[in-house]
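Thank you all for coming; I would like to take a few minutes to go through one chain with you. Please have a look at it first, and then I will talk you through it.

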Amino acid sequence: AINDQVPGPPIHVCLNDVVVVDVSNHLQGGELAMHWHGVSQKGSPYMDGVPMVTQCPIEGGASFMYAFRAEEVGTHFYHAHSGDFFLLHSILFFTWF
């Protein structure tokens with residue numbers, strides 16, 4: 001769940017806004033990372049959220065702040081990766097204009 005909601009709340013931003021998302025991992029003994037679909041991450045490739053590819057996973061009990069610029073117009077989605085799978089129940093949509 002994100003903010004105690006499944007699916008979590010949408011994020012609405014304007015083009016070129018800086019998106020800042022604080023993630024606290026409350027999975028007991030589990031790692032995770034947030035992956036942002038449709039976001040090219042120009043200038044912030046370490047914010048892409050693919051564990052052990054573009055960033056180290058967020059350990060259980062730890063937090064991480066994602067910050068990137070909204071450069072692509074449209075509706076996108078993000079979800080958490082945990083271990084060898086991604087958490088479909090955490091799919092969220094975000095839109096910028």
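Residues are numbered from 1 along each chain as its sequence is written, and side-chain values use heavy atoms, with hydrogens and water left out.

The chain has zero helices and six strands, where helices (H or I, at least four residues) and strands (E, at least two) are DSSP runs numbered from the N terminus. Of its 97 residues, 40% are buried, and by buried I mean under 20% relative accessible area, with exposed being over 50% and partly exposed in between (1.4 Å probe, protein chains only).

How far should we trust it? The mean pLDDT, the predictor's confidence in each residue from 0 to 100, is 79 for the chain, and 84% of the residues reach 70 or more. Among the elements, strand S4 has the highest mean, 93, whereas strand S6 (residues 85–96) has the lowest, 46. Over residues 88–94 the pLDDT is below 50, although this stretch has 33 contacts in the model beyond near neighbours in sequence, a contact being heavy atoms within 4.5 Å. Where pLDDT is low, the predicted coordinates should not be read in detail.

Now to strand S2, residues 18–24. In a regular strand the side chains alternate between the two faces of the sheet. In S2, the covered face consists of Val19, Val21 and Val23, while Val18, Val20, Asp22 and Ser24 make up the uncovered one. S2 pairs with S4 (residues 63–69) in the antiparallel sense over seven bridges, and pairing here requires that DSSP finds at least two bridges between the strands. Within that pair, serine 24 stands opposite serine 63 of S4.

Is valine 20 buried, exposed or partly exposed? Valine 20 counts as partly exposed, because its relative accessibility is 47%.

Asparagine 16 sits in the loop between strand S1 (11–13) and S2, and counts as partly exposed because its relative accessible area is 45%. Glutamine 41, in the loop between strand S3 (33–37) and S4, counts as buried because its relative accessibility is 6%.

Notes. Predicted model: local features only at pLDDT ≥ 70, side-chain atom pairs only at ≥ 80, totals over all residues.
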